[in-house]
Amino acid sequence: MPLPSGAPGAMGSAVGPMSLRDLLLAAEAGGAAGGEEEVCVVGIFGKTALQLCSEKEALVSTVCDRQVFPLFPEEEPEPADGAAGSEGDPASKDYNQLQAYYSQESRVLYLVLTSICDTPQLLRACGDLTAAENREPGPGHPSGGPAPLPHAEAHEFWKHQEKLHCLSLLYLFSVCHILLLVHPTCSFDITYDRVFRALDGLRQKVLPSLKAAIKDCPVGKEWKLNCRPCPPRLLFLFQLNGALKVDPLPSRGQDPCGHLEKPPPKKHSPKRRLQHALEDQIYRIFRKSRVLTNQSINCLFTVPANQAFVYIVAGGPQDGDDPVAMLLDQLRSNCTMREPDSLLAPTLSGPRRYQMMRHGRQQLSFHAESSSSSSSGQLVDCTLKEFLWQHVELVLSKKGFDDSVGRNPQPSHFELPTYQKWVAAALKLYEVTIEGKDDDPTSGELSSKIMSSIKVLEGYLDIDTKFSENRCQKALPMAHSAYQSNLPHNYTMTVHKNQLAQALRVYSQHARGPAFHKYAMQLNEDCYKFWSNGHQLCEERSLTDQHCVHKFHLLPKAGEKPEADRNPPILYHNSRARSTGACNCGRKQAPREDPFDIKAANYDFYQLLEEKCCGKLEHINFPIFQPSTPDPAPARDESSPAPPEGEMEKLKEKEPQTQGESTGLSLALSLGQSTGSLGTYPPDAQGGGDNAESHGQSGDSKSEKRPSLVDRQASTVEYLPGMLHSNCPKGLLPKFSSWSLVKLGPAKAYNFHTGLDQQGFIPGTNYLMPWDIVIRTRTEDEGDLDTNSWPAPNKAVPGKRSAVVMGRGRRRDDIARAFVGFEYEDARGRRFMCSGPDKVMKVMGGGPKESAIKALNSDMPLYILSSTQGRGLKPHYAQFMRLFVVVPDAPLQITLMPQVQPGPPPCPIFYPEKQEITLPSDGLWVLRFPYAYVTERGPCFPPKESQQLMSYKVLRGILKAITQ
């Protein structure tokens, strides 16, 4: 397989510079053919002047004595290593390019690094930034003009390019034997001290990743341990550019000693004396900054102790630095050629043509001047190639560099690899360092270790940001003090935001520079951490308006157990408020936690007691959501607004006002002859007036029916996330019912004289009020009681003729007696019945005397002051929880229509999933009301002041009797 251009074994005519990445990939694919030669690797980096010709490329041409790099390079395409397209973000591009050239004759591989420190790449970066500005129109420009790049973003862009440049330098320091630092002036740039210290710190950080990358490469043990073939030797090349004026040498006809007053010439030429001065200065600087130490194995690079490591190149426009001047000079020389030379000139090519061009004019850049006359007494200056080759020969002869100093110098490792071995190690390091790949080259993912280690460079390279960070760091403690002033131990989000705003005001008064935003975000995070570290209250409130007492915590997921030791802890909400509640039927009481969600409040607690008490009783189940898909979704919150106040007042006018009316009107209402018995919930209320019809609850009553509504089948795809109320969208049902209807037993299970035999009732309040319902009128001569049935003493027989006279001159009527009880329950488990609004029942014995008609035709309060208050100032409320109904065995129908308004308007009206429930005859039924009322906008909290109790009510018309 043929080798790539520039690789060992390639043809001399095809040898030329190429991208290092292409060279490594081609050499790896080309196998080991011709790659067994041992090579010395020389890296070249540095800065160039603002001119078209690059000193670094001319350096390789001078040393190799041939035109290696073209004088006018063509516009190169976008680099493949990590750079995006021309339309991409300039911040994501890498303007560093590594070019390789292999000199087969000398067995030296040259690596030339081009970065934004060079004119071509700097022009490309500026052009890309200008193109990016033109693509983004200004926010306030009406014509969509270019938006100028903010100063902070431009600063970040250039500093990011410097960091990428350091990564490329780290690669050169890891694969080269000799490094040449090229500088366009004759003074040392002190910024290199920071760069080298940054590189040394970066190398120590990424050394484990580099070791892992080359652990399988065919190189020596010391190379794998130190991730480099040897501590590279750093050489410095400076260019005069006319800064140093040297007197011309005397001509042949002149007497060199003609001027006796002139001092004799010194031993060293001015250029050599400048080289020695620069060597002393550079060595002193690097020793002071600890870049160079006694042991070379621990240093980023070394400098020779007994050899020159600084070389000064005489340059200038007349020496070929300006390509235009060089071409004009060459044209002038060609025009003055003699005839034999002009005949030979077209046939010359390659190295001979380059040598003729060099010797036919002034010296090219980086070409040393000829040796001085020995009669001057000065030492002969070496050429650039001689200067470099004295170090290259130490590498090729495998002697290595012994640059350690001190009393006990430790020898440093050295390895001269073959071409293929060097390619194997260099390719792995290229993938990790330059391309940012992981240890596995097939993964293609960025190595987090390498990218995170770039932050080490910030403290060395970015002085502006470092100053800004120091300034902002001094402002942070003052901002923290402003945040923590006058703070309670635990506080909510509102207090946290107010204190944070005050802290940011203090911070902005003192912080400056590019790091302002960074440390402002850190201040935000620090304040949040302080708040969440034992000072954050849980923001959740229970359905009874009690704060959760836990600090900030997470809720357990499905199947997950609470873990208080985690940070943040995984706990259920808890307000430490416990209450006592009864089950659905009321026979069993149990303690309950303060609920924080509707399911725990209205369903889970009662389901637990259902298994122990009410499970075997007869239930009338309310319709719930039946999914037709495995993953149903909750309905979106598109609740319609509440009815306007004017409409509510009109509805209230239609309500029957029976408290001050005659007994005949109350009896008429009890017979179901009033069409306004539904209370404030109108027949056309939004979102649920058709539920009774849609669920098949159309009564067979002979009396007047409600207006028919459009039937709509319940959805099987979306469910109602909360409870059913008047503002809900139609056709939606919840996953569970917050109501419960249970049959305790037959009608005879209730004893009128002893009342209910259940726990928690205050003595004298466990009685149901009688509700006498006229079935039909009978004449005097009609038969009396059936002789086959004898009633119990002092007890009326339901469904039969009773000797009750309704008024003077009236006939005997058949009256069925039902019983109704409005039960209230407080948080301590104390229960009692109410015989009317705000009237607690008190029966001394023999059963209640008051009829239930007054309570049925009145709005009963949802909350009432408990009959036994505690010692504290806070009032205790009892909540309407159950409705007891004894349905006699008689030819009538009792329909249940509960409606609750748990707050002042525009609070919606809540009702069960089945609005009209016909209770079967001969039964003691218990309707359990919800413990909490929740809408899509949140819970309806209990009242805090007694003046608001009248707004929380159970609407009248809850029961309706229809004769058959």
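Predicted model: local features only at pLDDT ≥ 70, side-chain atom pairs only at ≥ 80, totals over all residues.
Local features are reported at pLDDT of at least 70 and side-chain atom pairs at pLDDT 80 or more, while totals for chains, interfaces and linings use all residues. Residues are numbered from 1 along each chain as its sequence is written, and side-chain values use heavy atoms, with hydrogens and water left out.

Helices (DSSP runs of H or I, at least four residues) and strands (runs of E, at least two) are numbered from the N terminus. Two packed helices are described by the angle between their axes and the distance between the axes. The axes of helix 1 (residues 20-29) and helix 12 (residues 419-434) come within 9 Å, with a crossing angle of roughly 125°. Here axes are lines fitted to C-alpha atoms, for helices over the stretch in contact, and angles run from 0 to 180 degrees between N-to-C directions. The two helices are therefore oblique to each other; angles under 35 degrees count as roughly parallel, over 145 as roughly antiparallel, 65 to 115 as roughly perpendicular and the rest as oblique.

Contact means heavy atoms within 4.5 Å. On the side of helix 1 the contact includes Leu20, Leu23 and Leu24, and on the side of helix 12 it includes Trp422, Val423 and Tyr430. Burial is classed by relative accessible area: buried under 20%, exposed over 50%, partly exposed in between (1.4 Å probe, protein chains only). Helix 12 is largely enclosed by the rest of the structure, because 13 of its 16 residues are buried. After helix 12 comes Gly436, with a positive phi near 70°.

A nonpolar core is a set of buried Ala, Val, Leu, Ile, Met, Phe, Trp, Tyr and Cys residues joined through side-chain atoms within 4.5 Å. The largest such core has 102 residues, of which Phe45, Phe196, Phe236 and Trp422 touch the most other members. Beyond residues up to four places away in sequence, Phe196 touches Phe45, Phe173 and Phe286, among others. A second, separate core of 85 residues includes Phe622, Trp739, Trp771 and Ala961.

His165 is part of helix 4 (residues 151-175). With 12% relative accessibility, His165 counts as buried. Apart from neighbours within four places in sequence, His165 is in contact with Asn96, Leu113, Ser115 and Cys117.

Leu865 belongs to strand 19 (residues 863-865) and is partly exposed, at 38% relative accessible area. Asp838 is 27 residues from Leu865 in sequence, and their C-alpha atoms are 8.3 Å apart. Outside four places in sequence, the contacts of Leu865 include Phe832, Tyr877 and Leu949.
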